[in-house]
Amino acid sequence: MSSGKMSLPSVSDYCLLEKIGSGSYATVYKAFKKDGCREVVAIKCVDKSSLSKSAIDNLVTEINLLKILKHEHIVEMRDFFWDEGHIYIVMEYCDGGDLSSFIRERHKLPEQICRRFSQQLALALKYLRNNNVSHMDLKPQNLLLMKKPCMTLKVGDFGFAQYLSNSEQKFTIRGSPLYMAPEILLKRKYDARVDLWSVGVIMYECLFGKAPYSSSSFQELAEKIKDGRPIELPKGSRVSRECKDLLMSLLKHDPGERISFDEFFAHDFLDLAHAPTKENYDKAIDLVQKAVQMDTENNPKEAFHLYCEALRYFIPILTNEADLKRKEILRSHVNNYIKRAEILKASCIDSCNEKETCLRVESKGNSSSNQRVSSLNERLSFVHHELRTLSRSTTNMTDALEIGDVAEQYLAEGNYALALEKFQSCLGILVPLLGKEPLGRRRDLLHKQVQLWLKEAESTKGLLATQDIEESVHRGSDSFKQCAIQ
């Protein structure tokens, strides 16, 4: 830093170490408290003489919000005091810098790391929405990173934040133009959904190293926004289907077409339902206990689904675990659950194949056994011959059932990515058909098949997550560790 120690201001009870940032009316210093545990903190020093009316309003808003906002992905305020010339806000120190610097050093981030940061940002936004707060100035510079005990993103700088609902309309221009929603830039009515546009721009910058409307001037940016140019992914870029879907859903110019907060929090790319939280760890333990019970009671199919469901919770927790000893213990348990799930999957498939063979032999030898075959098939897990017979009059249904059969084959072979793709494809056809299907035998069988494949699809997600577990635990962690080295 260019600031020498002699030029640092004097703050009672704290020793200032170096300047780590500055804004329009404040300078931020790294510091520690002179007595006690000497914990390192960040102190925002605000020069009273430089404050305009709006700056005072922003500062008061920030202090009042930071007093009540307590969340693992929001920068925590530790203290607040003032003297004749300055106002001081003492905050937790984020030792990883900000997301803007992190992106700049790496040019762009792998989708896996983008997903992790986006998930943490979404958890913070969910908390803010529950408190009816809109940040209004989300950008990489305001997203701080903690390296220890593990890489964690935290939302900071609530100077522009305000209590704003989904329906409340505002007109004042707030935030940074490059990350500002079109409705604010164009001076139209806006509501809390402006934060979702900003999230989209941040995700885009993480993935591709630049904002979608990167411009050399505010005028050029405003022109691009006014033209309503559709946002496209850079040529040659590759992201997953879920990632692209979320990105394009966030970056809708018309807030009415933009994804809602509820849809955002429920999106598959973020998978907040399986985020590495204490509550989800408890859920995983409960699911494993039920899986063991089903296994003991000789119900392999249900045990298989429960193990897979538990793994969807365990693997993000394992990836996120910072304590090496706990990580190794958890990794050992998870590996055992994976092995058991694979064994149970194989036994279910073998069992069904045996039953199908018996049924074919029986039906060939006895022409009056067709009714008995249909009855037995209702109890089979993987095939519904009667449904296939009844579906012949509906081409879409027949095609979807064939796709489902292919999905089961891929699942049996351990090709989980293709299995999930096929399950999603067939369910995308069958679920709407089920909604229109009149009451009767075909509807009952279709309902059973849809429920089965929904369960299989969820189990496939669990198994798919296990395929790159070593990569997630080692490479993912190493990617974050690089931040500590640089």
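Strands β7 and β8 run antiparallel, and four bridges join them. This is a predicted model, so please hear everything that follows as computed from that prediction. Strand β7 covers residues 143-146, and a hairpin of five residues connects β7 to β8. Across the pair, M146 faces T152 of β8.

Staying with β8, residues 152-155, which of its faces are covered? Both are. T152 and K154 are buried on one side, and L153 and V155 are buried on the other. As background, side chains in a regular strand alternate between the two faces of the sheet.

Next, helix α7, residues 241-250. Its buried residues are C243, L246, L247, S249 and L250. Looking down the axis of α7, these buried residues fall within an arc of 165°, so they line one face of the helix. What do the buried residues of α7 pack against? They pack against α3, α5 and α8. For orientation, α3 is residues 111-130, α5 is 194-208, and α8 is 261-265.

I113 is buried, at a relative accessible area of 5%. The C-alpha atoms of I113 and L207 are separated by 9.2 Å, although the two residues are 94 apart along the chain.

C243 has a relative accessible area of 0%, so it counts as buried. The cut-off used here is 2.5 Å between the sulfur atoms. By that rule the count of disulfides is zero. Another cysteine, C45, is buried as well, with a relative accessible area of 6%.

Last, the loop between α7 and α8, where R258 sits. Is R258 buried or exposed? With a relative accessibility of 4%, R258 is buried. A polar atom of the R258 side chain lies 3.3 Å from the backbone oxygen of H253. Leaving aside residues up to four places away in sequence, the residues that R258 touches include A181, P182 and E183. R193, V194, L196 and W197 are also among them. The list also includes S249, L250, K252 and H253. Of these, S249 and L250 are among the buried residues of α7.

That is where I will stop.

Technical notes
Residues are numbered from 1 along each chain as its sequence is written. This is a predicted model: local features need pLDDT of at least 70, side-chain atom pairs count only at pLDDT 80 or more; totals for chains, interfaces and linings use all residues. Side-chain values use heavy atoms; hydrogens and water are left out. Helices (H or I, at least four residues) and strands (E, at least two) are DSSP runs, numbered from the N terminus. Buried means under 20% relative accessible area, exposed over 50%, partly exposed in between (1.4 Å probe, protein chains only). A polar contact is a pair of N or O atoms within 3.5 Å; within protein, one must be able to donate a hydrogen and the other to accept it, and residues adjacent in sequence count only if both atoms are side-chain atoms. Contact means heavy atoms within 4.5 Å. Two strands pair if DSSP finds at least two bridges between them. The arc is that of the directions from the helix axis to the C-beta atoms.
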